[in-house]
Amino acid sequence: LPTRVIDVGPNAGSQEPFLSITNGKEGSWIALSHCWGEYQPLRSTVATERIRKRKITHLPPTFQDAVTIIRALGIRFLWIDALCILQESQHDQAT
């Protein structure tokens, strides 16, 4: 798995998605990368990383759709560039 992924929980939807630090854990995952445009409704920074480890709320519709689809596919982990890369981290953006 990448360094950070969103754990969407079981396919029943009984758990809110949260940002997970994988520490070398292995598993299946799906990536969502998209054109951000001028408006960035939700992104991770050093300041928000700790909060997102508890839960990610108010996902934009595209992100909500991705969570729904991968739950239906039985996959637990989702990588979204805006949330899984710390946006002000040169190290994250380089890797």
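Buried is under 20% relative accessible area, exposed is over 50%, and partly exposed lies in between, with a 1.4 Å probe and protein chains only.

Some ground rules. This is a predicted model, in which local features need pLDDT of at least 70 and side-chain atom pairs count only at pLDDT 80 or more, while totals for chains, interfaces and linings use all residues. Residues are numbered from 1 along each chain as its sequence is written, and side-chain values use heavy atoms, with hydrogens and water left out. Helices (H or I, at least four residues) and strands (E, at least two) are DSSP runs, numbered from the N terminus.

Now the sheet. Four strands form an open sheet in the order β2-β1-β4-β3, and the pairing is mixed; two strands pair if DSSP finds at least two bridges between them. Because β2 (18-21) and β3 (29-32) are at the edges with a single partner strand each, one side of each has no neighbour in the sheet. From one strand to the next, the twist averages 40 degrees. Strands β1 (residues 4-7) and β4 (residues 77-80) are antiparallel and share two bridges. Asp7 is opposite Phe77 in β4.

Helix α2 (residues 61-72) packs on the sheet, where it touches β3 and β4, and its direction makes about 155 degrees with that of β4. Axes are lines fitted to C-alpha atoms, for helices over the stretch in contact, and angles run from 0 to 180 degrees between N-to-C directions.

Which residues does His34 contact, leaving aside neighbours within four places in sequence? They are Phe63, Ile80, Asp81 and Ala82, contact being heavy atoms within 4.5 Å. His34 is in the loop between β3 and α1 (46-52), and its relative accessibility is 28%, so it counts as partly exposed. Its C-alpha atom is 8.0 Å from that of Asp81, 47 residues apart along the chain.

Last, Asn23, in the loop between β2 and β3. Most residues other than glycine have a negative phi. Asn23 is not a glycine, yet has a positive phi of about 50 degrees. Asn23 counts as exposed, at 71% relative accessibility.
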